[in-house]
Amino acid sequence: MEDGLVRSISSGLSQKGVRDHNERLLLSLIQRHGALPGSDLARIANLSPPTVSAILRRLETDGLLERGDPVRGKVGKPSIPMRLAANGVYSFGLKIGRRSAELVLIDFCGNTRHQRQLTYAVPLPDVIFDFVAAAVSEIKGSLSDESMARICGIGVAAPFGLWNWPESTDKSDEAFQSWKDVDLRARAADITGLPVTLMNDATAACQAEHMFGRGKEFRDYAYFFIGAFIGGGVVLNNSVFEGPQGNAGALGSLRTVGPNGESMQLVDMASIHQLELRLREVDLDPRQLWTEPDSWTNLSRYVDPWLGQTAQELAKAALSTCSVIDFEAILIDGAFPAAIREELVSRVRRYMATQDTRGLIPPRIEAGSIGARARSVGAASQPVGAHFML
């Protein structure tokens, strides 16, 4: 595949010189719809059957596609669906968060083949990059030469302006400020020797949901991811919209009202950071939220009030978002156990029923499906998309 980027999915073209576009188109269709026979691909892509057949043969020879089981029961010969070859492509994804860093290696189908994680109180650049170097080296050492040759790059997902949300201590404030002079792209390239893509962490989570989760069910939706701080993403016409500066869907910056009537941002009212503060007030270690999933149930006395406040804020934010774009759905996910996600979505739905929706068509409120790993998986999906998809 060539390295040129094609930025929108459209009908296929049969003119000379567009082989790369048509290959990307067919791979994108198979990735989104699942295994498809050549006849269906030709119809959907608006390409001639001989053109599709020739492309599928090339992609199969390159190891990017493989044949599924023949489909019988129709008139004529059995049709053979083509599907992505999981071993055809690999990609690293690095998530740098305010409470943890995670490195994954995914295959062409989005399956996580390897995963390494580092937790911390505050993110120190040298500590994180030492972790990345060791993790990449360890994972590469377990791969065959053929698999190594199929690694297409590394995606890095991190909050934009990581230094803008310091903690309350001088030590942690200094740690956050140290990121201002760090070139993430250059450091990742030096460590891995791979092409690097860089994106906002919440946008990366949205990308993971769109490619490998429930995002396939909707054409236009807004996405909220609740980590240490809440963020979001926007999907329009079946594509994650990043905006000219990569900061579209900065839903954590939506305006809201604080407990004393003061103007605040959603990030200040609906983030796991708020739950951490509740735990610190009663001398409980908030790190257990990131290292012990069962702690969310054991700490229900503190989690339940946080869920109520977060759900109320999300209901208002969902309607504010839909007042700008008529989204059909709002997807909610986060760095918490699946049971917490389901309870949060249920509460948001109940709060939505009590909101003033004049002039609006209330969206569907749905749970995401990727979970805490969404940001690293989404980061890993970026090199795959850049090289092989539209």
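This is a predicted model: local features need pLDDT of at least 70, side-chain atom pairs count only at pLDDT 80 or more; totals for chains, interfaces and linings use all residues.
**View 1**
The side chain of arginine 347 meets that of aspartate 304 in a salt bridge, with 3.9 Å from N to O. Arginine 347 belongs to helix α13 (residues 338-352) and aspartate 304 to helix α12, so the pair ties together parts that are 43 residues apart in sequence. Is aspartate 304 buried or partly exposed? With a relative accessible area of 37%, aspartate 304 is partly exposed.

**View 1. Helix α8 and threonine 203.**
Is threonine 203 buried or exposed? At 1% relative accessibility, threonine 203 counts as buried. Leaving aside residues up to four places away in sequence, threonine 203 touches Gly232, Val240, Glu242, Gly246 and Ala248.

**View 2. A network of salt bridges around Arg214 and Glu217.**
The structure holds 22 salt bridges, and this view shows some that are linked. Which residues make up the network? Arg214, Glu217, Arg349, Arg364 and Glu366 are linked by salt bridges. Within the group, the side chains of arginine 214 and glutamate 217 meet at 3.0 Å, N to O. Arginine 214 is partly exposed, with a relative accessible area of 21%. Glutamate 217 also counts as partly exposed, at 46% relative accessibility.

**View 3. The open sheet that contains β3 and β4.**
Here is another open sheet to get to know. Five strands form this sheet in the order β5-β4-β3-β6-β7, and the pairing is mixed. The edges are β5 and β7 (196-200), each pairing on one side only. Neighbouring strands are turned by 15° against each other on average, direction ignored. How many bridges join β3 to β4? Seven bridges join these strands, which run antiparallel. A handy landmark is lysine 95, which stands opposite glutamate 102 in β4.

**View 4. Helix α4 and its buried side.**
Helix α4 (residues 125-141) has 17 residues and reaches 24 Å from its first C-alpha to its last, close to the 24 Å expected at 1.5 Å a residue. Which residues of α4 are buried? They are Pro125, Ile128, Phe129, Phe131, Val132, Ala135, Val136 and Ile139. These residues cover an arc of only 155° around the axis, which puts them on the same side of α4. What covers the buried residues of α4 includes β3 (90-96), β4 (100-107), β5 (112-119) and α7 (184-192). Helix α4 lies across β3, β4 and β5, and runs at about 155° to β5. Now look at the face turned away from the buried side of α4: this face carries the exposed residues Asp126, Asp130, Ser137 and Gly141.

**View 5. A salt bridge between arginine 116 and glutamate 138.**
Arginine 116 forms a salt bridge with glutamate 138, and the closest N and O atoms are 3.3 Å apart. Arginine 116 lies in strand β5 and glutamate 138 in helix α4, so the pair ties together parts that are 22 residues apart in sequence. Arginine 116 is partly exposed, with a relative accessible area of 22%. Glutamate 138 counts as partly exposed too, at 49% relative accessibility.

How values were computed:
Residues are numbered from 1 along each chain as its sequence is written. Side-chain values use heavy atoms; hydrogens and water are left out. Helices (H or I, at least four residues) and strands (E, at least two) are DSSP runs, numbered from the N terminus. The expected span of a helix is 1.5 Å times one less than its number of residues. Buried means under 20% relative accessible area, exposed over 50%, partly exposed in between (1.4 Å probe, protein chains only). The arc is that of the directions from the helix axis to the C-beta atoms. Contact means heavy atoms within 4.5 Å. Two strands pair if DSSP finds at least two bridges between them. Axes are lines fitted to C-alpha atoms, for helices over the stretch in contact, and angles run from 0 to 180 degrees between N-to-C directions. A salt bridge is a side-chain nitrogen of Lys or Arg within 4 Å of a carboxyl oxygen of Asp or Glu.
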